[in-house]
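The structure is shown first.

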Amino acid sequence: MKKFTLLFALLLTLGMLLAACGGGADEEDTTNEDNTGGDDATEEAGDFSAAMVTDIGGVDDKSFNQSAWEGLTAWGEENGLSKGNGIDYAQSNDKADYVPNLTRLVRDEYDLIFGIGFELKEDLQTIADQYEDTNFALVDDTVDAPNAVSILFKEHQGSFLVGVAAAHKTKTNKLGFVGGVDSPLINKFESGFIAGAKSVNPDIEIEIEYAESFGDAAKGKSIASYMYDSGVDVIYHASGGTGNGVFNQAKDIKQNDPDREIWVIGVDRDQHEEGAIGDHNVTLTSMVKRVDIAVQDVTNFAMNGEFPGGETLEFGLEEDGISVATTNSEAMTEEIINEVQQWEEKIRNGEIDVPQTREETEAFVDAL
């Protein structure tokens, strides 16, 4: 009996030693350079997951929603996650989709859920109040909840700078602005653009039209057709998927008349690719709004237990959240880039306070 007890004790001790050695080997392997980055990243992310609800423009709008999804995808890749495996999006084709989409992602137990666009404000506020254990983030408007963060951008600053570029590029002294929904947010784009262009040339004419949709490419094409026919040679759009129609119209004109100089200014992400037509490109520049970076930053905050719930984060020129694309080097000449940089410095040092509303813009222009 004593021999059996001694043998059992020895076997038990040996088993514990083997288990301990096995655990040590596993820990060492997780930092081994031969392992895949995905495995390491998954260890870092743990069980944390994040998702987003698009606005009506959709995740492939080549603008605002797409930039947000690119940011979430980049975060996922850094942490060994992919669509349906730690990150996801719910596409909204109508405003009525917002609540069901938000609710579904909550029930799927995502730790952080983004609402992409100001039109989700009311519904995200309601859902955030109902599900206090889930963290939320609203892009482009404010939400009042301890479990939600508001993400804003200084779009008027970047719009001012592309207005400067447009004023230096136009040969007809007629510019156009195509907005999505007439709202305080899109008015910031409009206001900055007018202020920037008229700071260069107070006599410049600017046509303003709103499609009242972020997903109506046909309406965008129709508005652009009218503007270009009336002598406008540079159009700045802040209209999400509607802006695809602006690009399509410009490319149609360029294809039929390669010598005609007409341009589109993109928005939210560098839309240089959208302007490609044969050997030409109708994208002058883009007002780049780093929604992708904001999404990555906030997701990392949440994953690391530093979620800024109840706060408002704002990204502008100083935070590198706003910039002007110079991809089309033939169109954005060195002279134009230098002019844009000079005006940017005036904004950064406080010499220029860029207007954000129509009332502020009127006063700004009157003072020129």
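## Strands and a helix pair

Met-287 lies in strand S13, which covers residues 283–289. The model is a predicted one. With a relative accessible area of 0%, Met-287 is buried, because buried means under 20%. Val-324 is 37 residues away from Met-287 along the chain, yet the C-alpha atoms of the two are separated by 5.0 Å.

Strand S1 is made of residues 50–53, and both of its faces are covered. Ala-50 and Met-52 are buried on one side, while Ala-51 and Val-53 are buried on the other.

Now the helices. Two packed helices are described by the angle between their axes and by the distance between those axes. Helix H7 (residues 184–200) packs against helix H12 (residues 358–366) at an angle of about 5 degrees, and their axes are 9 Å apart. H7 is therefore roughly parallel to H12, since angles under 35 degrees count as such. On the H7 side, the contact is made by Asn-187, Glu-190, Ser-191, Ile-194, Ala-195, Lys-198 and Ser-199. H12 contributes Arg-358, Thr-361, Phe-364 and Val-365. What kinds of residue make up the contact of H7 with H12? Four are nonpolar, four are polar and three are charged.

Key:
Residues numbered from 1 in each chain as written. Predicted model: local features only at pLDDT ≥ 70, side-chain atom pairs only at ≥ 80, totals over all residues. Heavy atoms only, no water. Buried < 20%, exposed > 50% of the residue type's maximum accessible area, 1.4 Å probe, protein only. Helix = DSSP H or I, 4+ residues; strand = E, 2+ residues; numbered from the N terminus. Axes fitted to C-alpha atoms, helices over the stretch in contact; angles between N-to-C directions. Parallel < 35°, antiparallel > 145°, perpendicular 65-115°, else oblique. Contact = heavy atoms within 4.5 Å. Nonpolar A, V, L, I, M, F, W, Y, C, P; charged D, E, K, R; others polar.
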